[in-house]
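Dear colleague,

Please find the structure below, handed over for your use. My notes on it follow.

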Amino acid sequence: MPQNEPTTATTGERTGGTGPGDAPAGLENLLHETRAFPPSSGFAAHANAQPGLYDQAREDRLGFWAQQATDLVSWRTPFTEVLDWSQAPVARWFGDGRLNAAYNAVDRHVEAGHGDRVAIHFEGEPGDTRTVTYAELQREVSRAANALSALGVETGDRVVVYLPMIVEAVVAMLACARIGAPHSVVFGGFSADALRSRIADAGAKLVITADGGYRRGAASALKPAVDAAIAPKEGAKPTTVEHVLVVRRTGQDVAWTDHTDVWWHEAVEAADVQHTPVWVDAEHPLFILYTSGTTGKPKGILHTTGGYLTQAAYTHRNVFDLKPEDDVYWCTADIGWVTGHTYVTYGPLVNGATQVIYEGTPDTPHQGRWWEIVEKYGVSILYTAPTAIRACMKWGSEIPDRFDLSSLRVLGSVGEPINPEAWMWYRRVIGGDTAPIVDTWWQTETGAIMISPLPGVTAAKPGSAQVPLPGIVADVVDDDAHPVPDGGGGYLVLSEPWPSMLRGIWGDLERFKDTYWSRFPGIYFAGDGAKKDDDGDIWLLGRVDDVMNISGHRLSTTEIESALVSNELVAEAAVVGAADDMTGQAVVAFVILRGEHASEAETDEGSAAIEKTLRDHVAQQIGPIAKPKKILVVPELPKTRSGKIMRRLLRDVAENRAVGDATTLADSSVMDLIQTGLAKPSSSED
Ligand code: WT7
């Protein structure tokens, strides 16, 4: 671990698997955080969200949501029913209303006379730019919708989107929404194998991809992964995909399959600019987004239209204090994650915002790239992840200091707990000591922000997401589902349904009930540990299950273990998320080699070669984001008498801590064996 990094109070807590009651080292500091930053009176006076919003929602929660749905979303057929919870845990919100998501995101702004407003300032990694107004977006989305129909995509058919962060990614999602074809966006960093399983699970008819995208200064191919994902494979069912629509982004050579592959520019340019949106029921599926769970198989999280759009627009307006005429908003997330769905595609566009979309990484071609973009477009609202903030902190304040960041007035954080040091740096160096920070807690499953300060109302505490938004009911409970008192710790739950909640796991109702609704019957279990401080504010402490959080992205220990054991070198594998100063957690794998390969790890070169083979194997099976940072070859794994791997003990080893209570191990000598084998200089630092 780098020695010159500020130590963080929270990195120690965001490890899954510990009981929420155990306070890991550092937690006491965290909860004794006494700094608070109230909004300035100027900000508070003009904020969209006023303190009365909490009372209004408390007095009549359903009436409050009905009001938001009416004020922020346009309905073709107005709803008369707010919530039907009779089929719990599958909710129906605004069930008899009809609407269209793309109409809400685009057309209605043009109809209201805002066609000339910039919807998207696009900045490509190589420096190419493109400005898209709402009127232009309407034409392009309409054409793309016609092109999808011409390719046989009908309302209800699923479309997989596998694209870089380019304008077409947003257009593709909206074109799907326009014809009522649920999209399933797969992050471009996932491998062909991961793409194949998502295409198969969703039963997708069409894949929208690109020849490639720009990543760290070079063109990186995407289409070959699609070709591999839909190619016939022994033991796999024939693909459901009929066509692949290919955006030309980099101009690199691509293999071409006639009758299947279609160029986006040819199909879209040939299509009519007039298109009538397909009006769908409020509960019509809008998208499926795959996320890792505690088993090896990713879950297809299902979101529907009316409730999702309502909460997307409501949170985007109130949490970021969006003023659509004045603000320039920038969320740095990729559309492959839920943040890119709700806070790039849907929330901002439904609210008629002007936003920046940037294709590349923060340090290409130089470490000031983000700040250059903020200055260039006058970004006023920035939404990003703690891991990026920590990277910028490491590169040094002198880099952002070279740019004019005075346009920034609201800063958001999402994806993992933000340590107070990073929070303070974000506020001081990026926010000029004045811009409020909103630390927003939510999940793929919740669809939109659930717990967050309100920027004109809440006195913000560095490191805490603090309060459920008006309309949201969250709590911290003990093992018996009893709310813990202020100062206590337990599990985060959501006690009442909310409009943008998931409606299920695609094709697996039982898994949906079992995963979220069985731990505490009737209430939603988020999988996170949390504490309440003495003021009752909520501090998120990380996952309590076998899910890791790497740079704000969710990865499953089991999924990586399955990938590792599918390699012929490996007999058994155990994966843990170890605290990491930069990425929050890092993937550390412990592997037992198969007998015939065991001796190969005895030399340094041998074990380096094995480590490389296995890292590449995981990248091929899941994607580069899942590559273990460290792979340790061990002779045994610590297991309980019932055969369950005790990841807690492995985490102690991975984090260079004294190994905790090992009395429940079937064989108590295993930990000695592991540690003796690992006692090399590289892993012996404190
Ligand atoms: C998990 C959800 C929400 C979009 C990005 C991640 C963690 C998320 C925070 C936060 C502490 C956070 C939780 C949650 N998380 N935001 N502000 N403070 N933890 O979506 O991949 O579905 O992951 O991310 O552990 O359960 P996701």
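**Pairing within the sheet**

Strand 16 (residues 328-331) and strand 18 (residues 381-384) run parallel and are joined by three bridges. Tyr-329 has Ile-381 of strand 18 as its bridge partner. Strands here are DSSP runs of E with at least two residues, and helices are runs of H or I with at least four, both numbered from the N terminus; two strands pair if DSSP finds at least two bridges between them.

This is a predicted model, in which local features need pLDDT of at least 70 and side-chain atom pairs count only at pLDDT 80 or more, while totals for chains, interfaces and linings use all residues. Residues are numbered from 1 along each chain as its sequence is written, and side-chain values use heavy atoms, with hydrogens and water left out.

The open sheet has seven strands in the order 5-4-17-16-18-19-20, with mixed pairing. Its edge strands, strand 5 (129-133) and strand 20 (437-440), each pair on one side only.

**Helix 11**

Just after helix 11, Asp-321 takes a positive phi of about 55°.

**Thr-663**

Thr-663 lies in the loop between helix 20 (647-654) and helix 21 (670-678). Thr-663 counts as exposed (over 50%) because its relative accessibility is 59%. Thr-640 is 23 residues from Thr-663 in sequence, and their C-alpha atoms are 9.1 Å apart.

Yours sincerely

Technical notes: Buried < 20%, exposed > 50% of the residue type's maximum accessible area, 1.4 Å probe, protein only.
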